[in-house]
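Dear colleague,

I am handing over the structure below, and after it I set out what was found in it. Please keep it open while you read.

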Amino acid sequence: MGNQGKFKGLSRRRFIGTIGGGVIFVVGAWKLAPDLFSDHQGTPVKTGSDFEGQNVSVWVQIHEDDWITIYNPSSEMGQGSMTALAVIIAEELDADWSKVTVVQSPAEPDIYGVGWGGRGRGSMITVGSRTVMSYYNNLRQAGAQARFILLHTAAERLGVPVNELSTEPNKVIHKASGRAMRYGELAKLVKPMNAVPEIPQEQLKHPKDFRLIGKFGHRFDVPSKCDGSAQYALDVQVPNMVYAIIARSPVYGAKPRLTNASQIRNIPGVIDIVELNHGIGLITETIELAINTQPKLQIEWSTGHTADNFNSVKAYESYPEEADKPISNSDVINALKSGVKSYKSDYKNDFVYHAQQEPMNAIVSFSEDGKSAEAWVGTQAPGSNRNAIANVLGIDASKVNFHRTYVGGGFGRKATSDWVTEAAQLAKAVRKPVKLLWTREDDLKYGMFRPQSLQRMEASVDSSNNIIGWKHIIVGTGDRLMGTGSATPYYAIPNQHIEVRNIDHGVRTKHWRAVGHGPNKFAIESFIDEIATDLGVDPLDFRLNLMKEFPRAQKVLKTVAEMADWNTPSPAGRAKGIAFAERSGSLAACVCELAVDRSSGRIIVHKIWATLDAGIVVQPDNAIAQMEGGILMGMSSVLKERVTFMDGMVEQSNFGDYQILRADEIPDVLEVKIIDSEVRPTGIGESGVPIIGGAIANAFATLTGKRLKHIPFTPEKVISALA
C-alpha cells in the first residue's frame, strides 16, 4: 500500500498515541493519503452514502449526508467483532447507528494494532478472544476524540464556547440558542488541530447512559453472507490469474525430489513447477488442471526425520513414564502425603483439526519490476502475513498492497503465515497473480493440530474435605500450547504444582479455539467431580466451597445451577453434569443433561445450560451466539473429533473419516444467560469450549457409574467403559 511516511505533518511515533492511550495527535488526519482510505483498487470506499467522506481521524470518516464510515481493525471470521468494535466508537462519537457502515481498515499494525491487554502498540492479530477487551478503552477514546473534534469545529462555526455544546445522534446542539449542526455539515469544516488530548475517564459515558453498547444490534457481515455477496479470498478473481496446488511432504520434515519434471512440464496448460523445501508447487492455467495433475507428480521424499514412524496411539504408552518423573516442590510433595485421602487420575486427549469451513487459500501477485506486490488473503494476522510476503519477495512491507477479505473460519489456524508464504514463493517464480488453494485433503494431511496429551492429576484432602495439595503434569507434544488453561485461579487450592513436559514428535501443532483450555479444563473439572463423588459431596457444593474467596465466580455457578434446576433429579435414563472454567478473563459454567444409547455407545446430549460473566458485553445477542457456537464446537471435539498418525502420516483425509458434530446431534435445548456487569469487557469467543467437556464427562459418570477419561468419547470407548 505504501502508506508509511504519508501522514502529512504527523510522524508515526506521535500518531501511535491513538493506540497507547496517551495524547492523540491528529494533525492532518483528515488529509491522509487517499490509498489509506480506499478499497485498495483506486476507488472510494463503498458505504451507505453516495457522497465522498471526510476523514475526521484514521478511525472515522463522515459523509455530507451524515453517513459515518468506521474502520475495523479486526479479522471478521463470523465472530461479529467488526460490528462490536464499530459500536464502541459509535457510542462515544454519539453516532446515529442507522447511518453507520463498517469497512476493513488497511493492514497497518502500527496504526490499527493494539498490544495484549490494550496496552501500547501491537499487532492486528485476531486471536485469544482479545479483540473487544483489548480495543475497548482505545476505541472509546477514538470515538470520544472524534466527537471532540466535531464539538470544537461547531464551537468555532457557531461562535460559542465549546462547553455550551452537547451532542445527540449525528448532531451537535447549542441548547441556549436552539441551533444545531449535523455531523455531515461539520465534517466539511474540520480544520487541522495541533493535538487532541486524551479524554478523561470521567468525561466518557457511564455504562448507564449507553445507547448502543449492551443493546441489540444487527451485525454488518450477516446480510452479505446471507445473500452471497460477501467476498472471501476464495471468491477473488483478478486479471491474468493462474492457479497453484502444492504436493506437500506426507511426513513433516521430509524434503522432495521430483523425478518426472520434464514429463509434467510438457502437459498443456502447466505453467511452472516450483520446488519448495517441503513440497512441489504446481502452477497451471486452471485449478482443475492443477488438481488433476498433482497425483502425477513422482516425488521421492527424504527420510530420517523426527516424525518418521510416529504412531500417535502408541505414543501414549511412553507418557506415563514421563509423568512419573519426580517434582522438586517440597510443599506440594508434603501436602500430597499429609492428606487424609489422596487421589490420582489420568486423562487423555487426541490431536484435533481446526476444520474451518474455508481451507487455506491466497492470491499473491509480484510486479514485473520486482518492486511491489499485491495480495488478497482471508487471515487472522494481516500484519504478519504482509511482512511474510515482503520477506519472501525481498521488498519493504509498505510495497505490499494487502487486501483483507472475510475469513471463512479460523480458530487459530489462520493466525499463521505458512500458506501465504507459499503463495508468495510461487508468485515470485512466475511474476503473475497466483491463486494458491489447499484442498481439504491438503489441509488435513499437512495441518496444524491441537496437541495430543496426557493429564496426570493428583490431589489430597484434609479431614474437612478441603483440597490441600494439587499436582497437574501435562505430557505430550505441543510445548506451551498444552499448558494454557491448566491454572485454577478461582479455586482456592493451596500447594499447587503445574508442569508441562514436552515430547517432540515432529508434528505441527497450533492454537485451536481456547488452546489448552479444552483438554485441561476437561481434566480438571472431571477430577474435581471424582473427588467430590468419593467424598459424598454434591459437585456443585464442592465447587462453591472451593470458590469461597471468589463471589463473582460463585454467582456464575449458582446461576447455571438455577437455570438447570440442579437439585431436581433428571428423568429416568438421563443425568446432569456440571463444570466451570475461566478463559480470557471471562467466567463461564455449564450444566449438561444427557442419555446413553448402550447398544450403539452413542452419547445423546439433550440439554445444555450455560452462564457467562464477561464484564460489559458490547453485543449481548452476539455473545450468546458465540457461546452457543463455542459449546457446540467443544462438544464436537469431545464426542467425535480426532486426528491420528501412523508412520508419521495423518490417517484422516476429509470429513468422511474426520467426524464432526452433525445438525441432528445438537441438543434439544441450548440456553445461555449473560450475567450483567459493569467491569471492563473480557474475552467471549472461546469461553464456551472449556466448559462442555467436563460437564459431559461428569453427567456420563453420574448416569452410568463409569468415567470416560479419554476424549473424544467415541462409541467404541463408551461401550468399552460400560463393559
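Helices here are DSSP runs of H or I with at least four residues, and they are numbered from the N terminus. This is a predicted model, in which local features need pLDDT of at least 70 and side-chain atom pairs count only at pLDDT 80 or more, while totals for chains, interfaces and linings use all residues. Residues are numbered from 1 along each chain as its sequence is written, and side-chain values use heavy atoms, with hydrogens and water left out.

I begin with helix α3. Just after α3, Asp 94 takes a positive phi of about 60°.

Helix α3 (residues 81-93) packs against helix α5 (residues 131-158) at an angle of about 35°, with the axes 7 Å apart, where axes are lines fitted to C-alpha atoms, for helices over the stretch in contact, and angles run from 0 to 180 degrees between N-to-C directions. Among the residues that make the contact are Ala 84, Leu 85 and Ile 88 of α3 and Tyr 135, Tyr 136 and Leu 139 of α5, contact meaning heavy atoms within 4.5 Å.

A second pair is formed by helix α19 (residues 620-639) and helix α20 (residues 689-704), whose axes come within 7 Å and cross at roughly 50°. In α19, Met 627, Gly 630, Ile 631, Gly 634, Met 635, Val 638 and Leu 639 meet Val 689, Ile 691, Ile 692, Gly 693 and Ile 696 in α20.

Ile 631, which lies in α19, is buried, with a relative accessible area of 0%. Not counting residues up to four places away in sequence, Ile 631 touches residues including Ile 608, Ala 610, Leu 670 and Val 672.

Lastly, Asp 442 is found in helix α15 (residues 440-445) and is buried, with a relative accessible area of 11%. Leaving aside neighbours within four places in sequence, Asp 442 is in contact with Ile 245, Ile 246, Arg 248, Gln 294, Leu 437 and Gly 447.

Key: Helices (H or I, at least four residues) and strands (E, at least two) are DSSP runs, numbered from the N terminus. Buried means under 20% relative accessible area, exposed over 50%, partly exposed in between (1.4 Å probe, protein chains only).
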